[in-house]
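Subject: Structure for your review

Dear colleague,

Please find below the structure that I am handing over to you.

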Amino acid sequence: MKINLSDQVDPQRVYGLIVGIESYAISPNWNLPGATRDAIRFMKWLTERAAVPEKNLHLMLSPLIQERTSQLNFEYSLPTRENIEQILFKELPAQDGDLLWIYWAGHGYLDASHQLLLPYYDATADWTKHLNLEAALRWWKTARPAKGRFPRQIIIGDACRVDANAARNLTFGQTDYGSGRPDSKRRQFTLYAAHAGEMAQNLADRGAGQFTDVLLQQLDKRTLDDTVRQLVSVAQAVQADLQVLRAQNRAWQHPQFVIDRDWSDSSIFGDRWIIQETAESGAMRLDQIAWQGLAPLLAERTPPAHSYDAYRWAFEISDCIFPAHQGLPTGGLAGITRDLNSRQGRHRDMPLVMPFMRYLAARSSDASWSRVADEWITSTCERLRTSAVPIPPGPEPEPPSLHVQLRRDEQRNGQYWLRMWTYHGNAFEAVWESDDAVDITTVKARLGEQLMTKRAYGLSRIEFHTPYELLVEEFESWRLPIGRRGKPVVLGHVYEIVMRCPDERDGIAGEHWRRKWDWFKVHGGLHPKAVHSLTDDQVSTSLSLHLQADAPPVCILAEVSSGHLMDTLDAVLDSGVPIAVWSRSYGQGTAARYVTQTLNDAGLMDLNRLPRVLKMARIPQSPGLIDSSSNTIQPMALMWDDPERVPERRPLT
């Protein structure tokens, strides 16, 4: 049964759970000033502007300052596990309501499946009691609540969505509320304060969450009925307001809304909600002639490099919100184009497949395929009378880099044959080569000389090609006399420092290495499966077998102790994983936490930014990893092994 959009929402049939957890029993360090005030403000909007009876709403608060609630007439309970689950899974489902509101302000973490875990007031480190929001919402979409009740459900979460692995002192465990047959008549709209991987900003000085503050400014303009009808407009207005604040450096988060179908059962494309009245504004589809011409271009062709970038760009220029699932659709190029053809952009005169194919044609190394693809795009545009497909952006220019190769002298311990070259403009150029094996001190001297010689070359990165045993060498901490008047300068403060082990990429490990790098190029650096965090308890003799079983992961964040580091690096090299990050201080929980919280683009870690981000983390006094015992930046090692930047595969000029 479809819900009639013309029917007004009856406030008497609206129920809700409002939660604001400002203090936690686990520790005063968890205090979150503002969560109580936000929950009360949301409660006031529901009871005053929206006219929902107070008896229909359950308020759960743990205020830091009791006076904040003493002047209010609202009754509230502590947000413990027992209290909240009693309300959410027993009392509310027993009500005969039309609309369910859930509002939650507090801390939040993501598990391995990107489910949002919301700790209760009585959470502890040994047993971090929590609400698994996605699991709870799945329960609310089943037939567990009586048939016909709460066909519309709105969920607002003002909480961080950071990786639970970064909270090494917590124990979440598994939470399951039981399964059941889904009720296709129930619709849910979830609005998160931040994308996956982001922290939700809290304005402690104002006693408010940034997201809730912006949201309530929008809700105060609307009645309950207008809000429910215009949920997408509300969400988009909040996104736009936060975008303005980000441009002013007053905010950092990217609110995200997730839906499947709208109240009237219209399909959803991406996370844009298209209601029936405006569905005709969506993008046109390819006709059968276009598909017949496209089929030979896709046949027996695996997704090429930059497929993810092309997919994302198609949404951007079509003014369509990118799908919340992030990764590429399955089914190869045919599956990707079918997926795009079912999406709704806002430009009526351009199918989303067109910009996708234009991007691939512009980046392809196969000139004949690019020519045929461009001819198909031109003929399809003319026949369907679409607007011209814009020229896609070119690849960002790769900054010049200096490569330093150290080969072990088998006869003399601690001596290495040294070779240096540059890479710029898709070309290698020989720089210097030793006549005899040298020690590390000489390597530093020769490197310093070349950096001074090439100082006008615009070098931004130094890549050390090392034997296995030198992976423990802290190249990023080397001090060379390359500053003003020969002043010593720490390399990692000036250059991106990466290490490589191409000589270890032989045998079948070399095949895994190239396969994983190809996957990285195709799917980009934002795929949720690209990165895997590793701790001591996961290091085993079979670790490499697990890592090589599939193309992802392509990056390991190693949070391991010194005793497990070399076993971890062995597994990385044996499985062909090309990228790895580990802390030089070992087991401090720094690498994964910093990368998870800092390396974000649209909610996920963009690996392409990793060398730059880690360079900035090494600079003293920058926002980064501070060891509280020494108040210094903890250095992090980065392995960045690109098989396309190995000069032995091309002659040095």
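Predicted model: local features only at pLDDT ≥ 70, side-chain atom pairs only at ≥ 80, totals over all residues.

Aromatic pairs

The structure contains 21 aromatic pairs. One of them joins Tyr311 and Phe315: the ring centres are 5.1 Å apart and the planes meet at 75°, so this pair is edge-to-face. An angle over 60 degrees is what places a pair in that class. Both residues belong to helix α9 (residues 307–317), where they are four residues apart, or about one helical turn.

Another edge-to-face pair is made by Phe464 and Trp478, with 5.6 Å from centre to centre and 75° between the planes. Here the pair links distant parts of the chain, as the two residues are 14 residues apart. Phe464 lies in strand β18 (residues 461–465), whereas Trp478 lies in the loop between β18 and β19 (479–480). Phe464 is buried at 0% relative accessible area, and Trp478 counts as buried at 3%.

Aromatic residues also gather in a group: Tyr15, Phe89, Trp139, Trp140 and Phe150 make up one aromatic cluster.

Charged groups over rings

Where do charged side chains meet aromatic rings? Arg161 lies over the face of Tyr192, at a distance of 3.8 Å from the ring centre.

A four-stranded sheet

An open sheet is formed by four strands in the order β6-β5-β4-β8, with mixed pairing. Which strands stand at the edges? They are β6 (130–132) and β8 (162–163); each has a single partner strand, so one side of each has no neighbour in the sheet.

Strand β5 (residues 116–119) and β6 run antiparallel and are joined by three bridges. Within this part of the sheet, Pro119 stands opposite His130 in β6. Helix α4 (residues 133–140) packs on the sheet and touches β5 and β6. The direction of helix α4 makes an angle of about 55° with that of β6.

Yours sincerely

How values were computed:
Residues numbered from 1 in each chain as written. Heavy atoms only, no water. Phe/Tyr/Trp six-rings, centres within 6.5 Å; stacked < 30°, edge-to-face > 60°. Buried < 20%, exposed > 50% of the residue type's maximum accessible area, 1.4 Å probe, protein only. Lys NZ or Arg CZ within 6 Å of the ring centre and 35° of its normal. Pairing = 2+ DSSP bridges. Contact = heavy atoms within 4.5 Å. Axes fitted to C-alpha atoms, helices over the stretch in contact; angles between N-to-C directions.
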